[in-house]
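Work through the exercises below with the sequence and the 3D view open. Try each task before you read its solution.

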Amino acid sequence: MFCKNCGSEMNENAVACMSCGFAKGTGEKFCANCGSEINPGAAICIKCGAAVTGGVAGGEQKSKLTAVLLAFFLGGIGIHDFYLGYNKYGIIKIILTVCTGVGGSIWALVDFIRLLTGSLNTDANGIELKKEF
Ligand SMILES: [Zn+2]
Ligand SMILES: [Zn+2]
């Protein structure tokens with residue numbers, strides 16, 4: 001990923017840019033995904049198409065640990081989806097669970113694994129989940 005203030009490459013796990021000192025996710029001059037310059041106020045990067053989240057530290061990050069626990073214990077009724085803002089998927093899981101008994105739980109297990117492996121790593125607004133483990 002790249003610093004949104006100066007565009008220099010920064011480590012995924014760094015909390016701040018080593019070049020300009022801005023906190024990770026702050027600044028609005030460069031794309032965090034590809035590092036190219038973006039127009040002030042643009043909603044997406046025209047180079048790579050990544051969503052540009054506002055200058056306010058990328059918004060509030062949801063807890064990955066909470067999402068994993070919810071998916072494991074209450075995933076059959078989509079609670080982790082509601083937590084992450086994927087309300088549509090949550091509702092589908094409830095319907096699946098009501099109709100088939102296990103459908104929602106199987107899907108939740110897939111989400112659980114995707115959360116653990118990192119392939120599901122953002123909430124419905126595209127904000128990266130907080131990594132607690
Ligand atoms: Zn920087
Ligand atoms: Zn980009």
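Predicted model: local features only at pLDDT ≥ 70, side-chain atom pairs only at ≥ 80, totals over all residues.

Residues are numbered from 1 along each chain as its sequence is written, and chains are lettered from A and ligands numbered from 1 in the order in which they are written.

**Exercise 1. Describe the overall layout of the chain.**

Step 1: Find the helices and strands. These are DSSP runs, numbered from the N terminus: H or I of at least four residues for helices, E of at least two for strands. The chain has four helices and zero strands. Its pattern along the sequence is α-α-α-α.

Step 2: Find the domains. Their bounds come from an automatic or database domain assignment. Domain 1 covers 1-58 and domain 2 covers 64-117. Their C-alpha centres are 31 Å apart.

Step 3: Box the chain. Along the principal axes, the C-alpha atoms fill roughly 55 × 30 × 20 Å.

**Exercise 2. Decide whether Met18 is buried or exposed.**

Step 1: Met18 sits in the segment before H1.

Step 2: Recall the cut-offs. A residue is buried with 20 or more other C-beta atoms within 10 Å of its own, exposed with 12 or fewer, and partly exposed in between; C-beta atoms are placed from the backbone.

Step 3: Apply them. Met18 is exposed because it has 11 C-beta neighbours inside 10 Å.

Step 4: Buried residues are 29% of the 133 residues.

**Exercise 3. Work out how H1 and H4 pack.**

Step 1: List the contacts (C-beta atoms, placed from the backbone, within 7 Å). Lys64, Ala67, Val68, Ala71 and Phe72 of H1 meet Ala108, Asp111, Phe112, Leu115 and Leu116 of H4.

Step 2: Read the angle. Axes are lines fitted to C-alpha atoms, for helices over the stretch in contact, and angles run from 0 to 180 degrees between N-to-C directions. The H1 and H4 axes come within 9 Å and cross at roughly 155 degrees.

Step 3: Classify. Angles under 35 degrees are roughly parallel, over 145 roughly antiparallel, 65 to 115 roughly perpendicular, and the rest oblique. H1 and H4 are therefore roughly antiparallel.

Methods. Contact = placed C-beta atoms within 7 Å.
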